[in-house]
Amino acid sequence: MSSFDADHYRVELQVNGEQQTVRVRAAETLLYTLRDHLGLTGCKPGCNNGDCGACTILVDGQPMKSCLMLTVEAWGKQITTIEGLAGSAVQRAFAQNQAFQCGYCTPGFIMNCEGLRHVHPQADEETVRIWLESNICRCTSYEEIHRAVKDVFAINTDLNRNLNTDK
Amino acid sequence: MIPFDFEYFHPSTVQMAVDLFQNLQRQGKRPMYYAGGTEIITFARVNSIQPGAVIDLKSIPECNVLAMQKDILVIGACVTLSALSEADPFPLLSAAAQGVADQTSRNKITLGGNISGKIHYREAVLPLLLANSRMVIAGTQGIRVTSIHKVFNQQMRLTSGEFLVQVLIDRDDVSLPFAYFKKREIGHVGYPLVTVAALRKNDEMRTAFSGVCAFPFRSAAIEQVLNDSSLPITARIERATGKLPASLLDNVEGSAAYREFVLKQTMADAVHRLERR
């Protein structure tokens, strides 16, 4: 990364497989670079405080809250946003289970779940529970979200078995 | 959105970081060392801090070590809490790390950042206090290695320009029997009402606390009482509660009276668990 001028830095990022160069303030968080410089509005500003998870993206395969990362820290990293997914198994599971209401939190949940698939492809129910605690859904669609994620990992709880039988 | 500008540096050696800090300070730029940065970003966003420059330590190799070297577990200050619990070299530390914030945030929060932070819970320090760990600290005088008890008193007490590079823990201490309880007001994520970490070595129980007072601590006076097997547990707990180093925290997570109630119960749980083993 090189200093661009007195107040801005030139940062090269790999976003959804494409090389991008942005000119940002060092104090700018990745959330606003993705949204305002690159037009990737799938990562949502929620609390801006690392609490809600609506801005979750993947950085080198790990879920990261983009409101808690400076853009300059992401130099050379592989970044994936919800726009970088295309009909992934996680997206399909969310759609099939209607795991959303207003949908504002949905990209964050999906990216977190994508990260879980990457880090723990065989995640068990307890791991899913721990990871999903990173995201908040104000519409309280938790039941459907958990069901969708468990579908992705083929976790057969009694609840899932009953619900799948009803389909 | 952080409402002011600062300069960003990412040195690749310890010496470069120390030199940068000195130079930036001389220029009046109020530099801050930066690791995970979650607390700096959070406080900067609400204008609670206004650094003129941040020095990102994550490119320094020594700050990213996580390895058993001979008989010493070496943990770099920039190792994230999720990496720590995933590798699990010190189960009590893993338990403490997993209790901080949430899984995604732990991908960013570092060990050094957690214990050097200003938010008063700093729970990752509890296992380090119990294991009598040593701290590798860099500053203008070079590198020094010192007992955690000399630099952590309620909070990290480093001189200007110093930063934590690594934490060292003896191999014998990483697998000792332990108990770890974090009690929250509600749910599995959030600040503690009371956190009790306990570890048993040579039939002596060591205890450290967070959420009880306005700082994390380990107290010799409390350990002396809790290890007095001539007393029934209820009496030990009662006496231990009378030896807190400061008044009980009274905040939105819980009142002082409720914290005292939870503390007593949690201390009893820790003593029961370790005395059974």
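**Entry 1: the A–B interface**

I looked up the contact between the two chains in this predicted model: 30 residues come from chain A and 28 residues from chain B, with contact taken as heavy atoms within 4.5 Å. I noted about 2,400 Å² of buried area between chain A and chain B, 55% of it from carbon and sulfur atoms. Buried area here is the accessible area (1.4 Å probe) that two parts lose on being put together, summed over both. On the chain A side, Arg25(A), Leu68(A) and Glu73(A) give 22% of the area that chain A buries against chain B, more than any other three residues.

I recorded my conventions here. Residues are numbered from 1 along each chain as its sequence is written, and chains are lettered from A and ligands numbered from 1 in the order in which they are written. Local features need pLDDT of at least 70, side-chain atom pairs count only at pLDDT 80 or more, and totals for chains, interfaces and linings use all residues, while side-chain values use heavy atoms, with hydrogens and water left out.

I counted 4 salt bridges between chain A and chain B, each a side-chain nitrogen of Lys or Arg within 4 Å of a carboxyl oxygen of Asp or Glu.

I then checked which elements of chain A face chain B. β5 (62-65) and α4 (125-132) of chain A each supply at least two residues of that side; β5(A) gives the most, with 4 residues. Helices (H or I, at least four residues) and strands (E, at least two) are DSSP runs, numbered from the N terminus.

**Entry 2: the sheet in chain B**

I traced an open sheet of 5 strands in chain B, in the order β4-β5-β10-β6-β7, with antiparallel pairing. Two strands pair if DSSP finds at least two bridges between them.

Ile72(B) has Asp170(B) as its bridge partner in β10(B).

**Entry 3: salt bridges overall**

I searched the whole structure and found 21 salt bridges over all chains. One that I looked up joins the side chains of Lys201(B) and Asp173(B) at 2.7 Å, N to O. Lys201(B) lies in strand β12 (residues 194-201) and Asp173(B) in helix α9 (residues 171-174) of chain B, so the pair ties together parts 28 residues apart in sequence.
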